[in-house]
Amino acid sequence: ETIKTSTKNSIDLESLPRSFYELRKDPIPSSFPGRVDHALLSDYKVFVNPSESEVLCTTTAEALAMGKFVIIPVHPSNTFFMQFDNCLPYRNKLEFAANLHWALGREPAPLSPQQRRLLTWEAATERLVSASAITKGEAKNRQALGTSKIDERIAWFHNELGKGAKGDVFRKILGAGPVSDQVAYESSRQNQDRDEDGDGLSLKFVGSALSEAIRETLKNTIPGNLMSQFSSP
């Protein structure tokens with residue numbers, strides 16, 4: 001309430017654009033630089049993410065980890081971030097303006113050790129395990145309702161879509177980018193493993209006449225106790 005009250009007293013609400021037409025006539029001075037290295041963002045202290053459809057919210061977590069204010073809508077996807085001191089949630093336009101006005105005049109609080117740990121992979125893994133755990137009672141209810149069978153069919157369908165070359169094509173269509181060619185990558189790795197022995201030598205070379213000639217030569221110059229490591233597989 002203090003933030004909203006100070007904002008009402010310091011912002012001339014009548015001067016704000018009332019329509020898209022007015023906004024286009026007098027646009028907000030802003031720029032969209034695209035992808036930017038985190039190291040270049042040290043001069044900024046406020047991060048605004050008004051999205052209500054971003055299911056990962058990775059950028060919000062990154063901003064908090066960098067010690068910045070984050071201004072985000074009150075939404076189920078943002079519930080995790082509400083526990084941070086530098087998180088400024090809003091429910092309407094006035095609260096958004098109030099939070100932004102308040103943050104611009106202050107400095108973010110340093111993250112506590114507990115808050116820092118919440119942003120680690122270890123803590124994220126713990127939350128994943130906790131969220132995915134199913135009690136025996138829940139398992140019985142799922143079985144009685146047939147939910148387990150539905151899950152099995154969905155998992156089978158998802159697995160089938162990702163198999164083989166069609167899986168790579170499907171991932172490309174969905175925008176997976178450079179990680180689309182997973183099957184092709186695994187195939188190249190397997191071929192490489194087949195072409196090399198434990199010492200990283202080509203299997204064609206290991207069984208060739210040249211390698212046998214080298215071994216025969218080494219037998220005459222290297223003591224027998226050392227020659228065992230050069231023997232044929």
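Buried means under 20% relative accessible area, exposed means over 50%, and partly exposed lies in between. Keep that in mind. What you see here is a predicted model.

Start with phenylalanine 80. Its relative accessibility is 23%, so it counts as partly exposed. Now take phenylalanine 81. Its value is 4%, so this residue counts as buried.

How are the rings of phenylalanine 80 and phenylalanine 81 arranged? Their centres are 5.3 Å apart. Their planes meet at 70°, so the pair is edge-to-face. Ring pairs also bring in Phe84, linking Phe80, Phe81 and Phe84 into a cluster.

The structure holds 4 aromatic pairs. One of them joins tyrosine 90 and phenylalanine 96, with ring centres 5.1 Å apart and planes at 75°, so this pair is edge-to-face too. Tyrosine 90 is buried, at 11%. Phenylalanine 96 is partly exposed, at 25%.

Next, the cores. The largest nonpolar core has 9 residues, including Phe81, Phe84, Leu64 and Ile72. Which elements give two or more residues to this core? They are α3, residues 58–65, and β2, residues 69–73. A second, separate core has 5 residues, among them Phe69 and Tyr90.

Back to phenylalanine 81. Leaving aside neighbours within four places in sequence, it contacts Cys57, Thr60, Ala61, Leu64, Ile72 and Cys87.

Last, helix α6, residues 121–132. At 1.5 Å a residue, its 12 residues should span 16 Å. The end C-alpha atoms are 16 Å apart, which agrees. Is α6 well covered or hardly covered? Hardly: among its 12 residues, the count of buried ones is 1.

Definitions and conventions. Residues are numbered from 1 along each chain as its sequence is written. This is a predicted model: local features need pLDDT of at least 70, side-chain atom pairs count only at pLDDT 80 or more; totals for chains, interfaces and linings use all residues. Side-chain values use heavy atoms; hydrogens and water are left out. Helices (H or I, at least four residues) and strands (E, at least two) are DSSP runs, numbered from the N terminus. The expected span of a helix is 1.5 Å times one less than its number of residues. Buried means under 20% relative accessible area, exposed over 50%, partly exposed in between (1.4 Å probe, protein chains only). A nonpolar core is a set of buried Ala, Val, Leu, Ile, Met, Phe, Trp, Tyr and Cys residues joined through side-chain atoms within 4.5 Å. Contact means heavy atoms within 4.5 Å. Rings of Phe, Tyr and Trp (its six-membered ring) pair if their centres lie within 6.5 Å; planes under 30 degrees apart count as stacked, over 60 as edge-to-face and the rest as tilted.
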